[in-house]
Every structure is written in structure tokens, then in C-alpha cells.
Amino acid sequence: MCAELLAGANGHVTLTGGTTPARAYELAAELKPDWSSNEVWWGDDRCVPPEHEWSNYGMAKRTLLDRIDVPPAAIHRIQGELGAERAADEYDRELDGVTLDLVLLGMGPDGHIASLYPHAPGLAERARRAIPAEAKLEPLVDRVTITIPVLESARLVLFFVAGAERADAVRRAFAEPPSEATPASLVRSRNGETVAILDPGAAQELRI
């Protein structure tokens with residue numbers, strides 16, 4: 001279902017990193033070989049070169065962008081190799097005035113989304129912008145992330161979460177009151193739809 005929603009989206013599509021979405025990206029490339037109706041963004045990335053194994057952009061390039069026939073109208077990469085401050089400033093300029101159509105989010109076992117970790121100062125940022133972020137989990141490298149106001153402005157906020165190790169965070173995100181202890185609980189589309197796609201392990205603590 002995640003691949004189908006990605007393939008069906010037009011406009012500004014924001015991708016995530018991690019291991020969970022890789023297969024969805026491969027399937028989305030098969031379903032939609034022409035991405036010329038899209039501009040592609042990232043919710044966050046690590047401050048490493050684009051070819052580095054830790055790069056969220058690099059993962060999406062290998063699994064999605066390199067597999068399609070017609071590239072997106074624009075690819076807005078976070079230039080992490082510039083360092084967190086400068087990369088955030090550059091990305092901030094590109095984001096100015098943009099409303100995202102789809103934001104894909106994973107979730108860490110601690111409930112973090114993008115590079116917004118529990119109780120991080122960036123959770124209090126109310127401007128729609130990109131900011132530097134400090135990693136709280138491995139790999140411990142500086143990062144750049146977009147803020148909650150950017151994420152919640154999307155027409156579709158799509159959570160894609162797998163693994164029993166995330167079940168507690170999923171429960172806190174979707175079955176308990178919003179809290180900075182669980183950043184995923186703070187992100188819901190303000191002008192559209194929020195969808196969570198969960199595998200059985202991730203969903204096991206929810207009451208259906």
C-alpha cells in the first residue's frame with residue numbers, strides 16, 4: 001500500500017530514510033516509471049556526502065531514482081556534506097513557500113520522526129523551516145531536519161512503520177495523548193489526511 005500511495009502522488013513528495021521504505025521505493029519505481037509530475041524532497045538527512053552509506057538521499061537514489069525511466073521535475077537534496085548549519089540554510093531557502101503534497105515518515109523505537117527526537121529543542125520550533133539537528137541514535141553524526149510545521153502542512157502524512165521493536169512507540173504515537181516524549185504523536189496533517197501503515201509487529205500493542 002505504501003508503494004501504491006507513493007506512485008499515485010503528484011506534486012511535492014517527501015521521502016524518508018531507514019531500511020523500512022527501501023522495498024516500497026523499488027515497487028513505486030515499477031508502478032510509476034515516469035516521475036516528471038513530481039518534485040522530490042527529504043524530511044531529514046545526515047551530514048555525509050550523497051554517496052555515503054548513511055545518506056538518506058543515497059538510499060532513495062539506489063532504490064527509486066535510479067530505477068525510473070523519467071526523473072522528477074526537481075530533486076531537492078539536503079546537502080549534508082556542507083555541514084549542518086549551511087545545509088539547513090540552503091534547504092530552508094528551497095523550502096520557502098512550498099506546500100508538500102505527501103510526507104512519508106518512518107518512526108524510531110524511541111518514537112522519533114525525521115531527525116526530531118524526544119524532547120529535542122527542534123520540537124518547539126513553530127516556523128516552517130529546515131534546522132540543524134543533533135543525532136540521539138546511531139550513527140551519531142549531525143543532521144538536518146524539517147520542522148513539525150512543515151510536516152503537518154502536507155496534504156497526506158503517511159507513516160510507514162515495521163517491527164515489533166517499535167510497538168511501544170506506535171502505541172504512544174497513535175493511542176495516547178500527544179507528547180514531546182513521542183515526537184510521532186505530534187505530527188498530523190492539518191489540511192488533509194494522516195495514514196499509518198503498520199506491519200503486525202509494529203501494531204501489536206494497538207487495540208483495533
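Me: This is a predicted model. Which side chain of opposite charge is nearest to D44, and how far away is it?
Reply: D44 is buried and has no salt bridge. A salt bridge would need a side-chain nitrogen of Lys or Arg within 4 Å of a carboxyl oxygen. The nearest side chain of opposite charge lies at 4.5 Å and belongs to R143.

Me: With which side chain does the side chain of D44 make a polar contact?
Reply: D44 is located in strand β3, residues 44-46. Beyond four places in sequence, its contacts include N56, I78, A114, S115, V144 and T145. The polar contact, at 2.6 Å, is with the side chain of S115.

Me: What arc do the buried residues of α4 cover around the axis?
Reply: The buried residues of α4 are A84, A87, A88, Y91 and L95. They lie on the same side of α4, because their arc is only 100 degrees.

Me: Which elements are included in what covers the buried residues of α4?
Reply: E85 and R93 are exposed on the other side of α4. The cover over the buried residues includes β2, β6, β7 and α5.

Me: Is L151 buried or exposed?
Reply: L151 belongs to helix α5, residues 148-152. Among its contacts beyond four places in sequence are V103, L105 and V187. Its relative accessibility is 0%, so L151 counts as buried.

Conventions:
Residues numbered from 1 in each chain as written. Predicted model: local features only at pLDDT ≥ 70, side-chain atom pairs only at ≥ 80, totals over all residues. Heavy atoms only, no water. Helix = DSSP H or I, 4+ residues; strand = E, 2+ residues; numbered from the N terminus. Buried < 20%, exposed > 50% of the residue type's maximum accessible area, 1.4 Å probe, protein only. Contact = heavy atoms within 4.5 Å. Lys, Arg positive; Asp, Glu negative; His and termini not counted. Polar contact = N/O pair within 3.5 Å; in protein donor to acceptor, adjacent residues only side chain to side chain. Arc of directions from axis to C-beta.
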